[in-house]
Amino acid sequence: MMQTETVETGGLYARVAVLASWGYRLVQISCTKTDSGMELTYSFEKDYEILHLRTYWTEDGTIPSIQALYWCAFIYENEIAELFGVTVADMAVDFKGQLYKTARPSPFGAGITIQEA
């Protein structure tokens, strides 16, 4: 079974904390550009059940780090910050834009437009 919940960025950490306490494991965090900012999807699994938490980021906002709950999130959060320009607050492990060598900052973020087919 798979389900998706939409959560406000302000409630993301608390919701993830509940999932961690229930024994869910972090599977992945993905990010994609939308017309108004970025859509982040956090995927968790427990007993063959997949749960996605979806939240939305705009350039004037921040996403809370979940590294304190899931240490492995450090790589996803650094990728999202560096490649998409998303501001992730309170990362314990922060590569400060040095994880990848890119020709320009946030190559998948600001300045990219979505073209409809």
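Me: In this predicted model, which residue of strand 4 is the bridge partner of Leu 40?

Reply: The partner is Thr 55.

Me: How many bridges join strand 2 to strand 3?

Reply: Eight, and this pairing is antiparallel too.

Me: How should I read side-chain directions along a strand, and how many residues of strand 3 are buried?

Reply: In general, side chains in a regular strand alternate between the two faces of the sheet. In this model, strand 3 is mostly covered, with eight of its nine residues buried.

Me: Which residues touch the most other members of the largest nonpolar core?

Reply: They are Leu 40, Tyr 42, Phe 44, Leu 53, Ile 66, Tyr 70 and Val 86, in a core of 25 residues. At least two core residues come from each of helix 1, strand 2, strand 3, strand 4 and helix 2.

Me: What does Tyr 42 touch?

Reply: Leaving out residues up to four places away in sequence, the contacts of Tyr 42 include Leu 12, Ile 29, Leu 53, Ile 63, Pro 64 and Ile 66. Gln 28, His 52 and Thr 55 are also among them.

Me: Where is Pro 64 found, and what is in contact with it?

Reply: Pro 64 is in strand 5, residues 63-64. Beyond its neighbours within four places in sequence, Pro 64 is in contact with Thr 9, Leu 12, Tyr 13, Tyr 42, Glu 77, Val 88 and Ala 89. For a sense of distance, the C-alpha atoms of Pro 64 and Gly 37 are 16 Å apart, and the two residues are 27 apart in sequence.

Me: How many salt bridges does a search of the whole structure find?

Reply: Four. The general idea is that side chains of opposite charge can pair when their charged atoms come close. In one case, Glu 5 pairs with Arg 15, with 2.6 Å between the closest N and O atoms. Glu 5 is in strand 1 and Arg 15 in helix 1, so this pair ties together parts that are 10 residues apart in sequence.

Me: Which residue forms a salt bridge with Arg 25?

Reply: Glu 45 does, with the closest N and O atoms 3.0 Å apart. Arg 25 lies in strand 2 and Glu 45 in strand 3, so the pair ties together parts 20 residues apart in sequence. Arg 25 counts as partly exposed at 47% relative accessibility, while Glu 45 counts as buried at 16%.

Me: Which side chains meet in a salt bridge at 3.8 Å, N to O?

Reply: Those of Asp 94 and Lys 96. Asp 94 is partly exposed, with a relative accessible area of 34%; Lys 96 is exposed, at 66%.

Me: Which residues of the hairpins take a positive phi?

Reply: As background, most residues other than glycine have a negative phi. Gly 37 has a positive phi near 160 degrees, in the hairpin of strand 2 and strand 3, with four residues between the strands. The hairpin of strand 3 and strand 4 has two residues between the strands, and there Asp 47 takes a positive phi near 50 degrees. Tyr 48 is in the loop between strand 3 and strand 4, with phi near 65 degrees.

Me: Is Tyr 48 buried or exposed?

Reply: Tyr 48 counts as exposed, at 77% relative accessibility.

Me: Where is Asp 90, and what is its phi?

Reply: Asp 90 is in the segment after strand 6 (88-89). Its phi is near 65 degrees, a positive value in a residue other than glycine. Asp 90 is exposed, with a relative accessible area of 75%.

How values were computed:
Residues are numbered from 1 along each chain as its sequence is written. This is a predicted model: local features need pLDDT of at least 70, side-chain atom pairs count only at pLDDT 80 or more; totals for chains, interfaces and linings use all residues. Side-chain values use heavy atoms; hydrogens and water are left out. Two strands pair if DSSP finds at least two bridges between them. Buried means under 20% relative accessible area, exposed over 50%, partly exposed in between (1.4 Å probe, protein chains only). A nonpolar core is a set of buried Ala, Val, Leu, Ile, Met, Phe, Trp, Tyr and Cys residues joined through side-chain atoms within 4.5 Å. Contact means heavy atoms within 4.5 Å.
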